[in-house]
Amino acid sequence: MNDIQNQDDLYLLVDEFYKKLLSDDAISYIFTEVVKIKLEEHLPILVTFWSQAILGTGGYTNNLTQIHLDINTKKYLSPELFKIWLNHFYNSVDENFKGEKSEQIKTQALNIATVLQIKIANSSK
């Protein structure tokens with residue numbers, strides 16, 4: 001099994017990840033009812049984000065924290081939802097890749113989830 005090496009690998013990863021998220025009733029409603037994402041538009045943005053984070057390519061300009069704070073005002077993003085998100089993310093990585101970048105992206109996902117949960121908790125005070 002190869003490590004994550006390029007944007008094609010990241011596209012495969014986020015595509016597999018979103019298949020898991022959208023088939024899980026415990027979390028899919030966030031994407032289908034609350035945010036109503038259009039996958040064909042959303043996946044390239046995610047690839048750009050992860051490419052910047054893991055491959056250093058740049059190009060992501062959105063405010064990740066603010067996006068999630070805005071979603072949280074519509075529907076509470078609970079710690080349980082973050083656990084589900086991380087579990088699907090880790091499984092998507094582990095089922096498709098192995099290596100240094102694969103471990104790095106999982107650590108980065110955990111860091112992001114942790115920071116977002118802290119920001120969400122602080123925003124409700």
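Reader: Buried means under 20% relative accessible area, exposed over 50%, and partly exposed in between (1.4 Å probe, protein chains only). Which of these does Glu16 count as?

Author: Glu16 counts as partly exposed, because its relative accessibility is 23%. This is a predicted model, where local features need pLDDT of at least 70 and side-chain atom pairs count only at pLDDT 80 or more, while totals for chains, interfaces and linings use all residues. Residues are numbered from 1 along each chain as its sequence is written, and side-chain values use heavy atoms, without hydrogens and water.

Reader: OK. What do the side chains of Glu16 and Lys19 meet in?

Author: A salt bridge, at 3.4 Å from N to O. The term needs a side-chain nitrogen of Lys or Arg within 4 Å of a carboxyl oxygen of Asp or Glu. Lys19 also forms a salt bridge with Asp15, and there the closest N and O atoms are 3.5 Å apart.

Reader: Are Lys19 and Asp15 buried or partly exposed?

Author: Partly exposed. Lys19 has 47% relative accessibility, and Asp15 has 22%.

Reader: How many salt bridges does the whole structure have?

Author: Five. One of them joins the side chains of Lys106 and Glu103, at 3.1 Å from N to O. They are three residues apart in helix α6, so about one helical turn separates them. Lys106 is buried, at 12%. Glu103 is partly exposed, at 44%.

Reader: Which residues do shared partners join into one network?

Author: Asp15, Glu16 and Lys19.

Reader: New topic. How many residues does the largest nonpolar core have?

Author: It has 35. Such a core is a set of buried Ala, Val, Leu, Ile, Met, Phe, Trp, Tyr and Cys residues joined through side-chain atoms within 4.5 Å. Leu13, Trp50, Trp85, Phe89 and Ile105 have the most contacts inside the largest core. Two or more residues come from each of α1, α2, α3, α4, α5 and α6.

Reader: Which one gives the largest share?

Author: Helix α5, with seven residues.

Reader: And what is Leu13 in contact with?

Author: Leave aside its neighbours within four places in sequence, and Leu13 is in contact (heavy atoms within 4.5 Å) with Ile4, Phe89, Ser92, Val93, Phe97 and Ile105.

Technical notes: Helix = DSSP H or I, 4+ residues; strand = E, 2+ residues; numbered from the N terminus.
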